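Q: Can you walk me through this one? I'd like to start with the charged pairs, then go on to the core and the surface.

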Amino acid sequence: MHLEPTLFGLTTDQLAASAKEACLRAIKQSVKAGIPVTGMFQGKVQSLAPSDPLVQSLVQRLEQGGAGNDLR
């Protein structure tokens, strides 16, 4: 019998998906509120202004339901 680890009743895959979705929502809300976003962009940790084209592109893809793999 193989037991998969869980946390709060969620498998590790479910927990990771939930955390990823929360991060995407936080980015979108921060940008809409005019707050700079800090994260790994193009292989470097950077703080980007909400008006930065890279951030605007990410938010646009989030609003279209994509960009799930942009959090790396």
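Q: How many salt bridges are there?
A: The count comes to two salt bridges. Keep in mind that this is a predicted model.

Q: Which residue does Glu63 pair with?
A: Glu63 forms a salt bridge with Lys32. The closest N and O atoms are 2.9 Å apart.

Q: And where do those two sit?
A: Glu63 is in helix H2 and Lys32 is in helix H1, so the pair ties together parts that are 31 residues apart in sequence. Lys32 is exposed, at 57% relative accessible area. Glu63 is partly exposed, at 46%.

Q: What about Glu21, which side chain does it meet?
A: The side chain of Arg25, in a salt bridge at 3.9 Å, N to O. Both residues lie in helix H1, four residues apart, which is about one turn of the helix.

Q: Why does Glu21 count as partly exposed?
A: Its relative accessibility is 40%.

Q: New topic. Which residues make up the largest nonpolar core?
A: It has 10 residues: Leu24, Ile27, Val31, Val37, Phe41, Leu48, Val55, Leu58, Val59 and Leu62.

Q: Which elements give two or more residues to it?
A: Helix H1 (12-32), strand S3 (37-41) and helix H2 (53-63). H2 gives the most, with four residues.

Q: What does Leu48 touch?
A: Leaving aside neighbours within four places in sequence, Leu48 is in contact with Pro36, Val37, Phe41, Leu54 and Val55. Leu48 is also the bridge partner of Val37, in S4.

Q: How do S3 and S4 pair, parallel or antiparallel?
A: Antiparallel, over five bridges, with S4 running over residues 44-48. The two strands form a hairpin with two residues between them. In the turn, Gln42 has a positive phi of about 50 degrees.

Q: Now the surface. Which residues form the nonpolar patch there?
A: Leu7, Phe8, Leu10 and Leu15. Together they have about 400 Å² of accessible area.

Q: Phe8, buried or exposed?
A: Exposed, with a relative accessible area of 77%. Phe8 is in the loop between strand S1 (6-7) and strand S2 (10-11).

Q: Last one. Where is Ala16?
A: In helix H1. Ala16 is partly exposed, at 46% relative accessibility. Its C-alpha atom is 25 Å from that of Ile35, which is 19 residues away along the chain.

Definitions and conventions:
Residues are numbered from 1 along each chain as its sequence is written. This is a predicted model: local features need pLDDT of at least 70, side-chain atom pairs count only at pLDDT 80 or more; totals for chains, interfaces and linings use all residues. Side-chain values use heavy atoms; hydrogens and water are left out. Patches are made of residues with over 30% relative accessible area and no salt bridge: like charges are joined within 9 Å, nonpolar side chains (Val, Leu, Ile, Met, Phe, Trp, Tyr) within 5 Å. Accessible areas come from the Shrake-Rupley method with a 1.4 Å probe; for residues, only the protein chains shown count as cover. A salt bridge is a side-chain nitrogen of Lys or Arg within 4 Å of a carboxyl oxygen of Asp or Glu. Buried means under 20% relative accessible area, exposed over 50%, partly exposed in between (1.4 Å probe, protein chains only). A nonpolar core is a set of buried Ala, Val, Leu, Ile, Met, Phe, Trp, Tyr and Cys residues joined through side-chain atoms within 4.5 Å. Contact means heavy atoms within 4.5 Å. Two strands pair if DSSP finds at least two bridges between them.
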